[in-house]
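Dear colleague,

I am handing over the structure that we discussed, and the notes on what was found in it follow directly below. Please read them with the model open beside you.

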Amino acid sequence: MAEKEKEQMLGLTVKKEDDFSEWYNQVVLKAQLADFGPIKGFMVIRPNAFQLWEKIQNIFNEVIQEKKVKNAYFPLLIPKSFFEKEASHVEGFAPELAWIENKEEGEEKVAIRPTSETIMYDSYAKWIRSWRDLPLRINQWCNVLRWEVKQTKLFLRTREFLWQEGHCVYETEKECLDEALMFLNEYKNLMENYLAIPVITGEKTEKERFPGAKQTFTLEALMPDGKALQMGTSHNLGQNFSKTFKISFLGKDKKEHLAWQNSWGFSTRLLGAIIMVHGDNKGIVVPPKIAREKIVIVPILFEASKEKVLMKAKELNEKLKKFNSFIDEREEYSAGFKFNEWELKGIPLRLELGPKDLEKNQCILVKRNSGEKKAIKLNDVEKEIEKALNEIHKEMFLKAEKFLKENIVKANSWNEFIKAIEGKKMVECIHCLSPECEEEIKNTTTASSRCIPFNSKEKGKCIKCGKEGKKVLFAKAY
RNA sequence: GGGGAUGUAGUCUAGCCUGGUCAGGAUUCAAGCUUUGGGAGCUUGAGGCCCCAGUUCAAAUCUGGGCAUCCUCACCA
């Protein structure tokens with residue numbers, strides 16, 4: 001019993017399935033991913049989490065460079081008048097703007113960016129003159145500030161968060177739309193093949209659309225508590241902003257044309273998704289492809305064999321440099337303590353090496369996601385690690401995918417819909433797409449539409465109001 | 001913005017109702033000895049009443065305000 005109590009102090013004191021919200025907080029704090037800042041809604045992203053973000057940045061920077069997108073940086077503060085140029089944009093963001101106190105009389109009010117469309121497009125208008133200036137593709141990694149009133153949650157909903165926002169300008173609508181979808185597809189690749197989180201892609205309904213966009217495309221993931229999480233969005237802005245910011249160019253036809261624009265982004269909330277989707281009662285499970293340190297070597301030290309074991313461990317560590325391996329050779333902690341600690345922090349693989357293993361010229365390889373232990377020959381270590389990392393990614397993705405599939409249900413009637421939402425499911429149903437009807441659904445069930453999934457030709461009568469409709473995905477959302 | 005709960009070392013907690021001994025314990029942290037194949041043991045030491053007012057001879061305890069966290073509704077990445 002005393003042992004159990006201790007375990008509870010150091011590790012997680014609640015189970016994921018018992019108290020999801022509390023479990024999430026404990027994982028974040030105890031695995032040292034983040035900490036609360038001194039002001040409500042602000043968080044400190046600690047190295048354990050920030051290195052995941054950096055890895056995601058590296059991966060995505062590669063992708064966009066290939067797509068001829070350049071990184072840049074625009075100002076943090078935005079003049080009041082900029083927001084007011086696009087009516088629905090200002091309406092969408094006005095409530096959560098943080099205004100800066102004026103330093104001098106008569107100065108224009110400025111706010112901290114909640115998103116950078118306006119400040120970037122002001123520059124774009126100056127830079128774009130001819131069809132030869134297009135396409136213009138710029139991305140920025142930055143922080144944004146949205147003064148959420150309440151309900152903040154580490155990573156998932158903080159007032160300040162980090163993200164990337166890509167803003168591109170095109171000559172033709174087709175190009176603009178094609179690339180908006182292309183970037184969405186790159187997002188899907190990132191989520192599924194690196195973060196091991198399956199997503200459903202589709203278009204947002206009018207009600208859920210980005211303020212100022214013509215179309216919004218989204219990637220939706222399902223969290224273990226039945227809530228959907230928007231992993232990223234890509235917007236076809238049409239000419240809404242080019243009209244108001246006067247982004248126009250002289251075409252090949254010698255006539256003045258308004259440009260076509262898209263924008264796309266994902267944020268540090270992805271880290272929250274990783275924690276929720278993959279984490280377990282031992283802590284976070286870091287997807288191997290974004291783990292900086294893919295393996296920890298824990299030597300089992302006994303007085304008699306200590307030197308031999310350590311020497312071999314160091315030799316292994318040299319050999320495994322490409323996995324950013326490291327040895328936990330602290331002598332003041334027992335092996336069991338170390339096992340628990342690295343499991344809490346989610347290192348994908350653990351290599352145990354003790355005197356008994358040395359005799360057999362082997363070591364024990366343990367997979368974090370499944371706990372599976374395997375004795376492997378020292379000569380095969382690299383090969384086996386490579387193999388295990390691939391397996392782990394696959395297993396993590398399949399597990400999440402299985403959960404997603406099992407938790408999407410079809411609703412053919414309003415009653416079925418209510419039952420499914422109450423049962424914490426994602427619901428597929430026919431809906432008329434009208435904002436009013438959606439509003440009513442939200443008011444009665446708190447569920448909102450997540451997207452109109454791509455490639456679904458299903459049509460029929462809206463389960464709520466009976467009008468003609470299309471297949472739409474609903475869920476409670478983060 | 002609405003409703004509810006909570007706030008005692010890094011973490012968990014006793015004390016609060018009924019004001020009054022140096023705020024008790026566990027863990028953590030530091031030093032030492034001893035140990036290490038799933039969170040070992042002993043010794044010594046360090047660290048705390050969320051903040052600001054008020055009531056009172058006296059406040060962790062009572063009152064008011066602020067701040068923060070959690071749950072929930074509204075809003076949103």
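Is Glu117 buried or exposed? Glu117 is buried, because 30 other C-beta atoms lie within 10 Å, where a residue counts as buried if 20 or more other C-beta atoms lie within 10 Å of its own, as exposed if 12 or fewer do, and as partly exposed in between, with C-beta atoms placed from the backbone.

Please bear in mind that this is a predicted model, in which local features need pLDDT of at least 70 and side-chain atom pairs count only at pLDDT 80 or more, whereas totals for chains, interfaces and linings use all residues. Residues are numbered from 1 along each chain as its sequence is written, while chains are lettered from A and ligands numbered from 1 in the order in which they are written.

Glu117 lies in helix H6 (residues 117-127); helices (H or I, at least four residues) and strands (E, at least two) are DSSP runs, numbered from the N terminus. Apart from neighbours within four places in sequence, Glu117 is in contact with His89, His167, Gly212, Phe241 and Ser263, contact meaning that the C-beta atoms of two residues, placed from the backbone, lie within 7 Å. Between the C-alpha atoms of Glu117 and Gly346, which are 229 residues apart along the chain, the separation is 37 Å.

In H11 (335-345), the buried residues are Glu341, Trp342, Glu343 and Lys345, and their cover includes H3, strand E15 (295-299) and strand E17 (349-353).

H11 also provides the largest share, eight residues, of the surface near RNA strand B, a residue being near if its C-beta atom, placed from the backbone, lies within 6 Å of the strand. There are 51 residues around RNA strand B, of which Gly11, Ser21, Lys40, Gly336 and Gly354 come nearest.

As for the overall layout, chain A is divided into domain 1 (15-278), domain 2 (291-403) and domain 3 (408-475), with bounds that come from an automatic or database domain assignment. The centres of domain 1 and domain 2, taken over C-alpha atoms, are separated by 38 Å, and the contact between them takes 12 residues from domain 1 and 10 residues from domain 2. On the side of domain 1 that touches domain 2, helix H3 (47-66) and helix H9 (269-278) each supply at least two residues, and the largest share, three residues, comes from H3.

With best wishes
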